Amino acid sequence: MPGTVRVYELAKELEISNTELLHLLADLGETVKSHSSTLSAETAKQVREVAAPTKSNAAAKPDAAPAAPAATKAVEVIPGMTVRELAEAMGIGAPAIQKRLMGMRIMASVSQTLDIDVATEVAQKMGYVVTEGVRKAPKVERHAPASRKSNPISRPPVVTIMGHVDHGKTTLLDAIRETHVTDQEFGGITQHIGAYQVEWDGRRITFLDTPGHAAFTAMRARGAQVTDIVVLVVAADDGIMPQTVEAINHAKAAGVPIIVAVNKIDREDANPDRVLTQLTSYELLAEAYGGDTMTVNVSAKKRQNLDDLLTGILVVAEDLDLTGDPAATPTGVVIESQLDRGRGPIATVLVQQGILKVGDSIIAGEAYGRIKAMLDDKGQNIQKAGPSVPAVVLGLSQVPSAGDTMTVVKDDRTARQLAAEAGTIARAERISKRQRVTLADLRRQLTEGETKVLNAIIKADVDGSLEAVKQSLEQLSDAEVKIEFVHGGVGNIGQNDVLLARASGAVVIGFNVTVDPDARTMAQDESVDVRVYNIIYELIEDVRKAMLGQLEPVYEEISLGKAECRQVFRTPRGPVAGSYVLEGKITRSADARVLRGKAEVWKGRLQSLRHVKDDVREVLTGYECGILCDGFNDMQVGDIIESYEMKEVPRF
Ligand code: GDP
């Protein structure tokens with residue numbers, strides 16, 4: 001493209017550093033990824049004007065506004081000018097101004113008018129020489145209102161609301177939905193499909209309407225990251241509570257930016273400042289305190305300042321430079337699903353790339369099918385859905401799970417085939433469940449270069465012991481292994497902890513706490529290493545040993561089943577026990593032993609297991625089979641053959 005230039009080339013030309021140039025670009029509202037990104041001719045021109053005011057480039061810009069002193073950072077502010085107008089006058093993007101305003105604790109939409117003093121201050125802070133002007137005859141807008149960057153592939157941000165119970169997550173979601181849904185055809189009533197979109201300031205925002213971090217982390221544990229921004233709701237009368245801390249850590253573990261909505265400011269006992277102070281303990285320094293965490297005071301109940309919150313979301317989103325390629329093969333994530341009596345399996349899919357269309361052949365987990373129809377969040381039929389759009393999809397063979405990836409494939413046959421393969425892979429994964437970090441395996445993973453950091457979630461009975469455990473563990477960190485605390489909290493180990501551990505490859509360590517029964521089951525199913533201690537010395541010792549590779553796992557024997565030998569067939573390979581399975585199952589690949597009365601007469605592996613004439617992997621209770629024990633020549637009628645396996649004993 002004529003006139004385009006790379007960041008580093010332009011920096012060299014202007015004799016400034018790459019970083020300085022990136023800052024300059026940010027001020028101009030341009031989000032640039034790296035030093036080698038290409039800038040459009042238009043952007044390069046703007047930068048040259050701003051960065052090199054003394055260099056004569058008047059000749060290079062014959063189309064420059066004649067009124068402005070050529071190529072200086074000067075701006076004329078006019079009473080009643082909107083953010084957008086100021087941005088245009090300054091030749092930069094509106095978000096850059098909105099960001100500055102936020103630093104001054106002013107939340108403004110692009111169409112909001114600015115006080116003359118405020119406009120002056122912003123422009124000056126951004127390095128402009130300001131003069132005051134008067135409003136002239138209204139400008140005639142050309143085709144479209146000066147579209148900043150008609151970037152065809154930017155997409156709406158996807159937002160999840162998190163926070164402590166009763167702090168107002170649901171109320172906030174409902175309030176935003178009721179006040180900002182644009183389609184009034186059905187009285188603005190949206191259907192609950194797991195997500196909805198609102199329009200604000202000419203842009204869209206997608207909200208996932210299952211509040212809470214359990215859903216968020218459950219998705220992430222399945223490899224699906226759909227959230228771009230977390231809105232953390234903190235009640236101003238209650239302050240930061242345990243689940244607030246959990247939510248902060250879940251969002252941080254996922255690397256998702258947090259906007260804090262300080263809620264319930266309508267209450268008499270509301271103390272928003274206290275919330276801001278408390279946040280500082282969790283590395284969230286509010287903008288009001290000079291930090292970069294955006295905070296917005298709201299009342300979900302009284303619907304106050306919701307617009308500010310939406311503006312804040314758009315500003316943060318702008319920084320994230322969210323894109324989705326409409327030309328790509330459509331993919332998405334299932335965020336909700338159910339079996340509908342009339343319509344069969346239905347799933348809400350959040351599209352991430354491409355344009356999903358009715359008639360597409362898709363797979364989602366083990367489900368497949370051709371999209372018969374799609375509905376939006378208002379229950380209306382739609383033909384297509386692009387990036388960040390949630391759509392209910394009809395026509396699947398079965399109900400997929402939340403967190404499953406959806407992909408469009410060539411045709412129905414491919415869909416069916418791939419779904420079957422996905423099923424096999426899922427089953428294999430369920431069986432093998434490797435690659436989780438466990439303390440006992442830490443050393444091996446270290447040697448194989450898989451782990452350099454031991455991610456840990458610590459739960460303790462009281463704050464004091466939590467700190468003690470953390471400090472002692474911190475001292476164990478060395479050059480080889482660093483211990484990172486993904487989350488620390490007071491209370492028993494619950495499902496949320498296990499989910500977070502699963503999602504972030506962490507171990508869960510409890511001190512003087514117990515494990516909730518459902519969390520226990522989940523930990524076993526998900527192969528998450530959960531350990532509980534009552535003596536701090538033992539806890540530290542185990543982690544220390546794990547780091548040295550000296551932590552021996554403790555195994556216990558689990559009996560799988562028993563068979564009785566009822567006949568012995570002599571074969572060239574050895575005596576085959578014609579047996580009958582009495583209980584459980586006999587498994588070809590498991591460990592086995594032969595019992596005669598109470599005495600164990602042989603122990604080892606099976607050489608073969610047959611049912612009728614076929615080699616089989618296992619034989620269940622009530623069936624006959626032929627068993628050949630490897631290297632055992634003394635099989636006798638009446639012997640009991642037992643299948644068993646050694647399983648690591650969970651440490652809770
Ligand atoms: P969640 O558990 O976080 O989803 O909280 P809810 O949305 O269910 O709200 C818990 C309670 O707080 C309900 O009784 C709400 O009516 C109330 N509530 C929520 N937002 C506000 C608010 O802004 N002001 C006041 N006064 N009450 C609120």
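Buried means under 20% relative accessible area, exposed means over 50%, and partly exposed is in between (1.4 Å probe, protein chains only).

**Ground rules.** I am working with a predicted model, where local features need pLDDT of at least 70, side-chain atom pairs count only at pLDDT 80 or more, and totals for chains, interfaces and linings use all residues. Residues are numbered from 1 along each chain as its sequence is written, and side-chain values use heavy atoms, with hydrogens and water left out.

**Entry 1: charged pairs.** Side chains of opposite charge can pair when their charged atoms come close. I looked for salt bridges (a side-chain nitrogen of Lys or Arg within 4 Å of a carboxyl oxygen of Asp or Glu). How many salt bridges does a search of the whole structure find? My search gave 28.

**Entry 2: lysine 585 and glutamate 618.** I found these two side chains meeting in a salt bridge at 3.5 Å, N to O. Lysine 585 sits in strand E25 (residues 574-587) and glutamate 618 in strand E29 (residues 618-620), so the pair ties together parts that are 33 residues apart in sequence. Strands here are DSSP runs marked E of at least two residues, and helices are runs marked H or I of at least four, numbered from the N terminus. Lysine 585 is partly exposed at 28% relative accessibility, and glutamate 618 is partly exposed at 39%.

**Entry 3: two other pairs.** Glutamate 199 and arginine 204 form a salt bridge at 3.3 Å, N to O. I noted glutamate 199 as partly exposed, at 31%, and arginine 204 as partly exposed too, at 37%. Arginine 610 meets aspartate 615 at 3.2 Å, N to O. Is aspartate 615 buried or exposed? Its 55% makes aspartate 615 exposed, while arginine 610, at 35%, is partly exposed.

**Entry 4: a network.** I also noted that salt bridges link Glu557, Arg593, Glu600 and Glu642 in a network.

**Entry 5: the nonpolar core.** Next I turned to nonpolar cores (sets of buried Ala, Val, Leu, Ile, Met, Phe, Trp, Tyr and Cys residues joined through side-chain atoms within 4.5 Å). The largest has 31 residues, and those with the most contacts inside it include Leu172, Phe207 and Ile313. Elements giving two or more residues to this core include strand E5 (158-163), helix H7 (169-180) and helix H11 (306-320). H11 gives the most, with eight residues.

I then followed leucine 172. Beyond its neighbours within four places in sequence, leucine 172 is in contact with residues including Ile161, Val231 and Leu309; contact means heavy atoms within 4.5 Å. Another core lies apart, with 24 residues, among them Val75 and Met81.
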